[in-house]
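Subject: Structure handover, with notes on the aromatic rings

Hi there,

Here is the structure I promised to pass on. Please have a look, and then read my notes below.

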Amino acid sequence: MRFNLFLALSSVTAEKAGISYTTTSGSAQPLENILADSGVNTVRQRVWVNPRDGNYNLDYNLKLAQRAKAAGLSVYVDFHYSDTWADPGHQAIPSGWPTGIDDLAWKLYNYTMDVSNAFADAGISPNIISIGNEIRAGMLLPTGSTGNAYNLAQLLHSAAYGIKDSRLSPQPSIMIHLDNGWDWNTQKNWYTSVLGAGPLTEEDFDMMGVSYYPFYNAAATLSGLKSTLTNVASTWGKEIVVAETDWPTLCSRPAYAFPSDIKNIPFSADGQATFMKQVADVVASVDNGNGIFYWEPAWMDNQGLGSSCESNTMFSWPGKELSSLDVFGSI
């Protein structure tokens, strides 16, 4: 079973602002080398279509993937299909793209194939490509809303075949990624609806990815994650990945109560290691469990990572590796 952690692209952006990274012993090294030496085997790179500042566009990602490849790391491409963040509350159609379903599906197919071909031409063969990021509410809204399951299924089918018809060889595993990985009803209802709509078939994708964050809902128990992933795997037989997760080293005023079965894990580097081992054990217990990805372990100028906790990174300010990063060498 592969356990994976992605290279935090915002951290690489921070390098331009003078952030540098050091190992636990104080040796300055490129971030990707520190990750590889700690047992990481795959980096997860988000791709935006036309970002205003150029960060996370295709050229940016090709350069970053070359760095990852040189460090011996595999690449997981995470298509956001937007000019900025795509998540449960934001799934905006890129500027200049059509909004009618047929034209949008055709644009999506060609864009996905063009980006895939660009990676192939650069000598990079991603091992995973996610067609959308946390698309519980849909993608390319409003056209691809879950309120119109047929449209959403058509878009996902088009995205999948943009990869399948590309020059990538070997072909990557194609992932669909939702949030709330602890909630079986969310996963069941989403896949039942979208797969039942018609255009998307189970043969179009290989992996089901989930986000699992413990600090947004007291119901996000580890036992809930285990039962949900077990049900997902037994129902659809796909490879299972926790595509995003993290744990705080400092959380003095959490906005929500932590789940009951993990609330005693300390907020520390040791706690991060404990939490990751427990999540890894859950994934390992599931049929076709494939891996786990820690979200943004080295984003030094945003250590809270959007949560109410002060720090969730695996590096301390201003860029020193914490002992918790070594957990990837032992799971």
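Is Phe79 buried or exposed? Phe79 is buried, at a relative accessible area of 1% (buried means under 20%, exposed over 50% and partly exposed in between, with a 1.4 Å probe and protein chains only).

Before you go further: this is a predicted model, where local features need pLDDT of at least 70, side-chain atom pairs count only at pLDDT 80 or more, and totals for chains, interfaces and linings use all residues. Residues are numbered from 1 along each chain as its sequence is written, and side-chain values use heavy atoms, leaving out hydrogens and water.

Now to the rings. There are 26 aromatic pairs in the structure (Phe, Tyr or six-membered Trp rings with centres within 6.5 Å; planes under 30 degrees apart are stacked, over 60 edge-to-face, the rest tilted). One of them joins Phe79 and Tyr111 edge-to-face, with 5.8 Å between centres and 65 degrees between planes. This pair links distant parts of the chain, 32 residues apart: Phe79 belongs to strand S2 (residues 74-79) and Tyr111 to helix H4 (residues 101-121). Helices (H or I, at least four residues) and strands (E, at least two) are DSSP runs numbered from the N terminus. Tyr111 is buried too, at 13%.

Tyr213 and Phe215 are stacked, because their planes are at 25 degrees, with centres 5.8 Å apart. Phe215 is buried at 2% relative accessibility. Both rings belong to one aromatic cluster, which also includes Trp247 and Phe258.

Finally, the charged end of Lys238 sits over the ring of Phe205, 4.6 Å from its centre (NZ of Lys or CZ of Arg within 6 Å of the ring centre and within 35 degrees of the ring normal).

Best wishes
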